Structures are given as C-alpha cells and as structure tokens.
Amino acid sequence: MRYSEIFLPTVREVPSDAEIISHQLMIRAGMIRKLTSGIYSYLPIGYRVIRKLENIIREEMNKAGAQEVYLPMVQPAELWQESDRWTHYGKELLRFRDRHDHEFCLGPTHEEVITSLVRNEIKTYRQLPRILYQIQTKFRDEVRPRFGVMRCREFGMKDAYSFDVDEESADQSYEKMFTAYNNIFRRCGLNFRPVEADTGSIGGKYSHEFMVVADSGEDALAFCDQCSYAANLEKAEVGCPEKKIISEDDWLPLKKVNTPDCTTIEEVSAFFKVNPSEIVKTLIFNADGKPYAVLIRGDLEINEIKVKNYLGVTDLELASDEMIKDVTGAPRGFAGPVKIKIPILVDYSVIDMVNFITGANKKDYHLKNVNIGRDFKVEAFRDLRFIKPDDQCPRCQASIKIARGIEVGHVFKLGTKYSNAMKAMYLDKDGHEKIMIMGCYGIGIGRTVAAAIEQNYDDDGIIWTMPLAPYHVIITPVNANEKNVMEAAENLYNLMIANNIEVIFDDRDERAGVKFKDADLIGIPLRVTLGQKNLSQGNVELRIRKTGESQIYSLQNIVEKIKEIIEQEMKQQA
C-alpha cells in the first residue's frame with residue numbers, strides 16, 4: 001500500500017479525553033475515531049490489526065474442533081425471560097420494542113440464543129459434543145464508558161459455547177478451549193497469564209481469566225514465580241496456617257475499655273497504642289436478609305466474593321445501620337463477637353490470635369484481651385480475605401507477587417445453568433432425556449488489541465508484535481525529489497509485494513523526520529530507509545522498531561533479510 005493512498009489521519013497532540021496510553025495512541029495513530037460515547041469507528045489501519053487477531057483466533061478455534069456460526073445481535077425478550085436474566089441482568093441490557101410492540105434487546109452476550117439454537121437441532125447423544133463459536137458485535141450500555149475500546153458500549157467479541165453429555169466430556173471441551181486460548185495469546189506475542197477467576201454474573205462452576213500483564217490494568221492478579229499458580233484477587237486463595245497450640249494460661253482477663261468516638265481501626269489502634277494487626281474487625285453482613293458477623297485481622301481486607309461464595313447466597317452487602325443496631329445493640333463502629341447472637345465466620349488470619357481487641361457492642365466501648373473459645377464460639381474458620389504480597393503461594397508456599405492486568409479472555413464451565421432453564425435436552429443411549437452440560441468462552445477483540453498496545457509502546461508510539469502489526473515493513477525514501485531514490489524505493493516496493501511481504505511505501509513529499517515519526521507512531525516493526533549516500537554504495541538501512549537497532553544491508557539482499565526476520569518472529573510466537 002502506498003502511504004499517499006491510505007486513509008491514515010495521524011495526530012501529533014495527545015487527545016485531551018484519552019485517559020490511557022492505548023486510547024491515546026489508537027487515536028493518534030489513526031486507528032479509531034469516536035462516534036459517540038463508548039462507540040468507535042475503526043479506520044483501515046486499525047481494522048487490519050483487528051483482522052489479524054481474528055484470523056489467529058479462527059485458526060486456533062478451528063484447530064480445536066470448534067465450528068463458526070453467526071448469531072443475531074437483536075434478541076427476543078422471550079429467550080431472556082426463559083433464562084431469568086431479563087429482569088436480573090441490569091441496565092447494561094439495552095431493551096427496546098419493535099413496531100408490533102414486541103420486546104427485544106441488543107445482545108451483550110449470546111448464551112440464550114445459542115442454547116435455543118442447539119436445543120432445537122440436537123436431539124441425541126450421537127450429535128454431541130459440539131463447540132460453536134462466532135466473532136460478532138455486542139452491545140452493553142455501560143454507565144461510564146472509558147479507556148477507549150477497552151471499556152466501550154459497542155464492541156467485537158469472539159464467543160464460543162460447548163455442549164456435552166456429561167461432566168467428563170465437558171471437562172475435555174474446557175481443556176480444548178483453555179489450550180486454544182493459550183495458543184491465541186501466545187501467537188499474538190503477548191505477556192499474559194491464565195488466572196483462576198470467580199464466575200460472576202454469568203454463573204457456572206469454575207473459570208479462568210486470561211490477563212495481559214500491564215501497569216495500566218484495571219484488575220490485579222496474584223501469581224507465583226516458582227510455579228504456575230495465578231488467580232485474580234477475587235479468587236486468589238490464602239492457605240490456612242498451621243494452628244499453633246494455645247494454652248488457656250496465656251489468656252488475660254477480659255476488660256471493657258471506654259473508647260470515646262473511636263470507630264475506625266486507625267482510631268482504635270492509636271487509642272490503645274497497638275498495631276492494627278492486634279485488633280480484630282467485626283463486620284456485619286446482610287446475606288439474603290440474614291445477618292452474619294465476619295471477623296478479620298485489623299490490617300487486612302475482607303473479600304466479599306469469598307464470603308458470598310462460602311454462604312452460597314444471591315445477595316451480600318454490608319448491613320445497614322438499622323440491622324447493625326438491631327444485632328449488636330450499638331451503632332456502626334463498635335461491633336464485636338462477644339455475646340452476639342448471630343453466626344460468626346472467622347478469617348484464617350485470626351485463628352492464632354490471643355488477647356486481641358474487638359468492639360464491645362456498646363457505643364464508645366471496646367473489649368481488650370478477647371479470646372476465641374472462651375469469649376465466643378465460631379461457626380467456621382475460612383479464607384475470607386484478599387491475598388497480599390509475600391503471602392505464601394497456596395500450591396508451593398513460595399512468596400506471592402501482585403501485578404496489574406487487563407482481562408482479554410474468559411473461559412467458564414457453565415454446567416446446566418442455561419440448558420436446564422431453557423430445556424436443552426438430549427436422549428442418551430437408553431433413550432432417557434438428559435440435560436446438556438455447557439461451557440462458554442469469550443475474547444474481547446478490540447480489548448485485546450488495546451491491551452497489546454498497553455504492553456508494547458514507547459514515547460514515540462506503538463511497537464507492534466509481528467503477528468498483529470498492520471504492515472510488517474515501511475519503505476521510507478528520505479527525499480522524494482531525488483529520482484534515483486524514488487525509483488529504487490518503487491522497485492523495492494514491487495519486489496516486496498511479489499514476495500508477499502506486507503509493506504507500506506511512504507511515497508509522500510514530506511521531510512524525512514515527519515516520515516520517521518509517523519512510522520514510529522503507527523508501530524511498523526521494520527523500516528527500510530533509502531538515501532542517496534547509502535544507495536550510491538548499493539545499500540539501504542534497516543531499523544528494528546522494537547529495539548531501535550539500525551543496520552546497513554545490501555539493497556540486493558534486503559528482501560531476503562526481511563523475510564528471514566519476519567519468519568523468525570512469527571515462528572517464535574507460533
């Protein structure tokens with residue numbers, strides 16, 4: 001492609017409304033333009049990257065035995081009512097009525113549509129297993145779209161769905177998709193980690209997120225350098241410490257202390273002149289209308305997802321002032337476990353504590369020298385907190401590290417959540433009706449491209465990995481007015497096209513500095529520069545965008561050298 005013919009409006013200034021690097025660079029490099037809040041147009045160079053990613057995805061999905069379909073974006077309300085998500089999904093589901101007053105939505109996901117399709121077409125075990133996938137547009141009416149295509153309202157997604165006869169077969173489908181996802185993100189040249197994750201609103205038995213490691217990531221992940229363990233912070237496990245033998249002789253007398261206006265850990269810590277780790281927080285939760293007390297060491301943070309999962313409830317929230325007063329007899333800030341008449345859950349961090357400080361269930365009072373067993377009974381000890389750096393890995397006991405990450409893919413083992421609700425049945429060998437076991441597997445297309453930029457850029461612009469680069473080479477003649485330079489560039493351009501090299505010929509009548517800046521901004525991996533001095537000796541300059549390294553090569557051999565570099569880079573990711 002000739003640069004003069006590309007629709008490629010680059011921008012020098014950083015857009016004022018672009019908060020993160022990928023958003024800034026995608027606009028500056030002429031990849032996207034905003035149409036309205038959370039909705040973007042992809043320009044030619046941006047769409048080439050999208051197509052590169054989609055092709056990698058298709059190749060790996062097809063290799064795993066999945067088959068591509070294309071499902072409607074407009075979905076009837078009846079299907080969502082069958083799954084019971086019509087009222088529960090929330091305002092992100094954009095609902096509307098057609099001219100016949102029938103209710104529809106714009107699909108934020110396609111579990112209902114694919115389940116409806118399969119239940120109508122698959123009747124016996126002989127037709128299973130099946131994995132079907134699509135690459136299609138979704139719409140979620142985000143309350144606050146931000147970060148460009150990272151969190152927008154209209155976006156491209158690869159979503160796949162597996163249907164199996166039993167749990168064993170479903171596990172095999174899950175493993176196929178897990179392997180395919182690892183292959184996809186590796187082929188893109190990304191630094192990523194598959195992490196254990198909570199299943200969230202989609203539901204299901206277990207799941208993994210695929211996280212691209214980047215400082216700008218919205219999510220945090222915990223991982224171990226010594227083994228393969230990784231999980232997002234919602235899911236990351238904290239092991240139970242070996243319980244120490246505590247003698248009752250170590251227990252000091254319980255003492256009630258007046259602590260006027262001390263309602264926070266910091267205030268109580270300062271009052272008693274102790275570290276927050278010597279205090280136990282008592283949090284009162286409303287779990288489906290029932291109160292629970294959850295205890296944790298004062299310097300740590302409760303993980304509400306873990307509490308919710310342990311209790312197996314639908315709704316969990318911190319109790320209201322009214323519920324706290326009813327349960328403890330005191331206002332917020334003075335709750336404690338002693339003489340409280342509700343179930344008490346205790347985080348592992350408290351298991352070995354003795355003579356600790358808690359609220360006294362009385363305004364302006366705390367208890368000193370509280371001990372488990374003597375002063376209150378525990379319903380269960382559980383892992384109920386967020387993991388932190390230097391906690392032990394739950395698999396190998398090495399130290400845990402925390403990093404930021406961007407979720408680009410998610411795989412779920414759904415079980416029968418949708419197939420049961422929507423009656424997706426099959427006949428087994430004995431002619432009995434059984435419910436299909438499902439899995440679902442998603443990749444955010446634009447989000448993955450943005451994540452690749454967040455991981456690969458410098459002060460001058462994007463640094464594309466070879467598999468995702470919109471073009472692999474840019475030919476840059478330094479002076480468009482020198483006839484022999486332009487002729488050599490033209491000949492080289494035609495030779496590269498004949499050798500199936502993806503190339504841009506910067507034929508613009510611009511200063512060399514402008515051309516170099518644009519080449520760096522849009523992130524082309526290889527730049528071949530032609531100038532009078534080198535050409536007079538039959539040479540050209542080849543610059544590697546990623547390293548900034550430049551080297552002189554013979555014009556006669558440059559095409560073979562470029563092919564060698566491209567093949568080597570692609571092979572490293574394969």
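Which residue just after α11 takes a positive phi? N500 does, with a phi of about 60 degrees.

The model is predicted: local features need pLDDT of at least 70, side-chain atom pairs count only at pLDDT 80 or more, and totals for chains, interfaces and linings use all residues. Residues are numbered from 1 along each chain as its sequence is written, and side-chain values use heavy atoms, with hydrogens and water left out.

**Helix α11**

Helices (DSSP runs of H or I, at least four residues) and strands (runs of E, at least two) are numbered from the N terminus. Helix α11 covers residues 483-498; at 1.5 Å a residue its 16 residues should span 22 Å, and the 23 Å between its end C-alpha atoms agrees with this. The expected span is 1.5 Å times one less than the number of residues.

V485, M486, A488, A489, L492, Y493 and M496 of α11 are buried, that is, under 20% relative accessible area with a 1.4 Å probe and protein chains only. Seen down the axis of α11, these buried residues fall within an arc of 160 degrees, so they line one face of the helix. The arc is taken from the directions from the helix axis to the C-beta atoms. K483, N491 and A498 are exposed (over 50%) and sit on the face turned away from the buried side.

The buried residues pack against the elements below, contact meaning heavy atoms within 4.5 Å.

| Element | Residues |
|---|---|
| β27 | 473-477 |
| β28 | 503-505 |
| β29 | 526-530 |
| α13 | 532-535 |
| α14 | 558-573 |
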